Amino acid sequence: MNTALRTTPSTQHRRRLLGLSLLATALLQFGAFSAANAQSATTAASQPVATQALASLPFGALKHVKTGLLDVAYAETGPANGPVVILLHGWPYDIHSYDEVAPLLAAKGYRVLMPYARGYGDTHFLSDKTVRNGQPAALASDVIDFMDALQIKQAVLGGYDWGARSADIVSALWPERVKALVSVSGYLIGNQAAGKNPLPPKAELQWWYQFYFATERGAAGYAKNTHDFARLIWQTASPKWAFDDATFDRSAAALDNPDHVAITLFNYRWRLGLVQGESQYEALEQKLASAPPIHVPTITLEGDANGAPHPAPEDYAKRFTGKYEFRLINGGIGHNLPQEDPQAFAKAIIDADAL
């Protein structure tokens, strides 16, 4: 089923005003945080300056929970007893992609959680000896560990880019934990064998940064120019998104995590088979190599101006075997769809939950 939604510049302005109004309402009605099940919650006064910057409004100070391997930093809004929505960010972005989505969902009664992935923001490994592993199965396992730590049995998952991939994997391998799924660019589960197959030249060109990261020069270059690199990705992935410096800087601060470069390099090198994953994830990767179907109710989204590599909707529709809908979001919407059209993304979450 195809549904096209159009967003014009004038509606974008009204949308931002509406989002800010709903944000104020949500914060007044529900408070910026719930007091549920976290092992520890920090306050801005006790955080270092860099962490305070990451925890800027609209969500106040970040919460933290230990999940086994990680101390996960996350933002939360909405009523503590509401149905849970977990929103997962991509690379090289952060949880601020959901600044306007989360208040819209909180105003509908959802408890919205936005965790920083490993290698981002104030999420840190508990041990210096842990491999800085960025393979997809590890990132998806982090989502399950996060839910377990907060005693969340089931949630609606939403994501884009790396976040969509993690949400897809969780939905495929742990469907009992997922009430519904919203995935930008659809089915993003891959494997190393598929990653070895050459693509047509135009498609290979879109993955230039993956080849760059495969070299030591690329590793040094990304470490030296992380913010400039991220800005370039933002611009090419969303060519019609006129984000300002403040918007970029707010998210780029999350890339200053000491493990960010290592996680990024591992992720893209793993895809090319240049590094091997850890043994504890091997069974999961074997299941993912079969391209398992996703049975949970799903809405997939695609922006009409997505400049990042992404599959065609007709190529992955058959992977979703439950209730399913595809939506093309018009209006010059690029890769970071939740931030570029928060109303469309929030509506997809609500509608997927009702499928």
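Predicted model: local features only at pLDDT ≥ 70, side-chain atom pairs only at ≥ 80, totals over all residues.
How many of the five residues of strand β5 (residues 84-88) are buried?

Residues are numbered from 1 along each chain as its sequence is written, and side-chain values use heavy atoms, without hydrogens and water.

**View 1. Strand β5 is largely enclosed by the rest of the structure, because five of its five residues are buried.** Buried means under 20% relative accessible area, exposed over 50% (1.4 Å probe, protein chains only). Strands are DSSP runs of E, at least two residues; helices are runs of H or I, at least four; both are numbered from the N terminus. In a regular strand the side chains alternate between the two faces of the sheet. V84, I86 and L88 lie on one side of β5, V85 and L87 on the other.

**View 2. β5 pairs with strand β6 (residues 111-115).** The sense is parallel, over three bridges. Pairing takes at least two DSSP bridges. I86 stands opposite L113 in β6.

**View 3. Helix α9 (residues 216-224) has buried residues G218, A219, G221 and Y222.** They cover an arc of only 165 degrees around the axis, so they sit on the same side of α9. The arc is taken from the directions from helix axis to C-beta atoms. Exposed E216, R217 and K224 are on the face turned away from the buried side.
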